[in-house]
Amino acid sequence: MDKFANSAWFMRIVAFALAALLFISVNFEMESDKKSLGLSTAPENGTETIENVPVEVYYDRENLVVSGVPETVDVTLKGAKSLLINAKSQRDFKVYVDLSDPEISMGDRSVTFKISDLNEKLVATIDPEYAEVNVQERMTKEFKVDAEYNSSLLEEGYTAGQPTVNPEIVKITGAKDVIEQISYVKANLEIRKGLNETVNGQATVKALDRDLNKLDVTIEPASVAVSLKVSIPSKKVSIEPKQTGKAKAGVRIKSISVDPKEVTLYGQEKALDKINALYLPVNISKVDGDTEMELDLSKPESVQKMSSSKATVKIRTEKINVDDEEEKEEEKEVEEVIVDEEETVKEEEPETIESKTFTNLKIIPVGKQDNQEVKLENDVTNITLNGKAEDLKRISKDNISLTVDVSNLDEGQHDVELAVKVPAGVTWELDSKRVAVSVSLSPKEEDT
């Protein structure tokens, strides 16, 4: 036995056995480490959908306009889960449409989405697979901007001038066929209800077709500065004291003066034209000597506001002997003359005509044919009625009719006069007697 243990073959066998055990032990530990780290010799596969992946479009941006390409798509990836997790978190791949061919023709076409910079071990599916795009020649043209606002939001009595725009000219870029559809370039100034002061603001510019549909174009600049001057007509009239009541016995009124002598009235111009003076009633029945008092000025109903709401009245008097029959008689005669003069003035005073304004009245198109599509640029307006106070009180919006006849209008833009119906006994005034009407015609069905 000792001889065999000391032989060379015994040593070789023992060494081989130890090497085999060591190899097995090392491989077992490596497999254990892989499992503890979540690693496997056979990778685990999966599927991930990445939503809202941006789409890039490659084309000649200086000379062409491409429309119809969606901004984002959804990408579904299949492959090893470790690769999927990295792709979803990093999003380092790109989805694109390639229209960079210089020989590309104009018009409609279907193009497939492509993907780049994606790990080659992953399989990608794009939803949708393709897009219907339109390729057009790029065109830039200058247009004048028209500012607009809702005049019905102005405070009653106030007026606005023509809005000014800066800059007045904008450059609009888009597909040639879209540029040719532009009929209006508008900048709508947003104002608040009850506006009573000048407004300076920014307004977004919009390009519209003849049916007032917004067009997909690029406008430079995208917004413009709009200034709208708002004011109210004014008129200065004298304040005239009007004596009321009877003076006490033994007191004679020598004079009545008022301070200030004038007041400024603000309101609609047609209402101010009818006012020449503001009368201030002064009751003298309790006056027994020189007096100074402050009285309220009564604002006429048709006036929006006044520069002053109060006035100071100074009354100068003198004492008289009530036992003097001659003086009594003279006083009586004077009173009779004053009464006669007041009655004469009353008889000569014309009957008062007042005004009443109705805002945001609906304009109704009449005579519309079956194949007509009608749009009004502004389908509401204001109307002012003038007449006797008792007649105006009985009138409401339901008694007023504003219509526009479209029965004989051809396709296109028209400036049509409004037809107005109001109750008898009053006259009317409109902010504008005409309205812009856009008419489009649908094809008539042929008889079969």
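Which side chain does Arg434 meet in a salt bridge? Keep that in mind as you set up the view; the tour comes back to it.

**Getting started**

What you have open is a predicted model, in which local features need pLDDT of at least 70, side-chain atom pairs count only at pLDDT 80 or more, and totals for chains, interfaces and linings use all residues. Residues are numbered from 1 along each chain as its sequence is written, and side-chain values use heavy atoms, with hydrogens and water left out.

Switch to a cartoon of the whole chain. Of the 448 residues, 31% count as buried; buried means under 20% relative accessible area, exposed over 50%, and partly exposed in between, with a 1.4 Å probe and protein chains only. Contact here means heavy atoms within 4.5 Å. Among contacts between residues at least 6 apart in sequence, 70% join residues at least 24 apart.

**Stop 1: the salt bridges**

Select Arg434 and Asp415: their side chains meet in a salt bridge at 3.1 Å, N to O. The term covers a side-chain nitrogen of Lys or Arg within 4 Å of a carboxyl oxygen of Asp or Glu. Arg434 sits in strand E33 and Asp415 in strand E30 (residues 412–417), 19 residues apart, so to speak a link between distant parts of the chain. Arg434 is partly exposed, at 39% relative accessibility. By the salt-bridge rule, the count comes to 14.

Next, pick Lys310 and Asp296, whose closest N and O atoms are 2.4 Å apart in another salt bridge. Lys310 belongs to strand E24 (residues 310–319) and Asp296 to strand E22 (residues 291–296), so this pair ties together parts that are 14 residues apart in sequence. Lys310 is partly exposed, with a relative accessible area of 37%, whereas Asp296 counts as exposed at 54%.

Then move to Lys362 and Asp379, a salt bridge with its closest N and O atoms 2.6 Å apart. Lys362 is in strand E25, while Asp379 is in the loop between strand E27 (372–376) and E28; the pair ties together parts 17 residues apart in sequence. Lys362 has a relative accessible area of 48% and is partly exposed, and Asp379, at 30%, is partly exposed as well.

Finally, select Glu148, Lys186 and Glu377, which salt bridges with shared partners join into one network.

**Stop 2: the largest pocket**

Which residues lie nearest the centre of the largest pocket? Select Ser151, Ser152, Asn378, Thr381 and Asp431 to see them, out of 43 lining residues. Elements that give two or more residues to this lining include strand E9 (146–148), strand E13 (184–188), helix H5 (269–272), strand E25 (354–362) and strand E28 (380–387). About 1300 Å³ of space lies in this pocket.

Grid points are joined across faces, edges and corners, and the volume is the space filled by probe spheres set on the points.

Colour the lining by class and you get 14 nonpolar, 17 polar and 12 charged residues. Ala, Val, Leu, Ile, Met, Phe, Trp, Tyr, Cys and Pro count as nonpolar, Asp, Glu, Lys and Arg as charged, and the others, Gly among them, as polar.

**Stop 3: the nonpolar cores**

A nonpolar core is a set of buried Ala, Val, Leu, Ile, Met, Phe, Trp, Tyr and Cys residues joined through side-chain atoms within 4.5 Å. The largest has 31 residues, of which Val145, Val170, Ile172, Ile182, Val185 and Val224 touch the most other members. Strand E14 (199–208) is among the elements that supply at least two residues, and E14 gives the largest share, four.

Zoom in on Val185. Leaving aside neighbours within four places in sequence, Val185 is in contact with residues including Phe143, Val145, Val170, Ile172 and Val205. For a second, separate core of 25 residues, select Val57, Ala87, Phe93 and Ile104, which are among its members.

**Stop 4: two buried residues**

Leu189 is in the loop between E13 and E14 and counts as buried, at 5% relative accessibility. Beyond four places in sequence, Leu189 touches Glu148, Tyr149, Val199, Gly201, Ala203, Val226 and Leu228.

End at Val258 in strand E19 (residues 251–259), buried at 9% relative accessibility. Among the residues Val258 touches, beyond four places in sequence, are Ile239, Leu280 and Val313.

How values were computed
1 Å grid on protein atoms, 1.4 Å probe; cavity = no way out; pocket = protein on both sides within 12 Å on 5 of 7 lines; lining within 4 Å.
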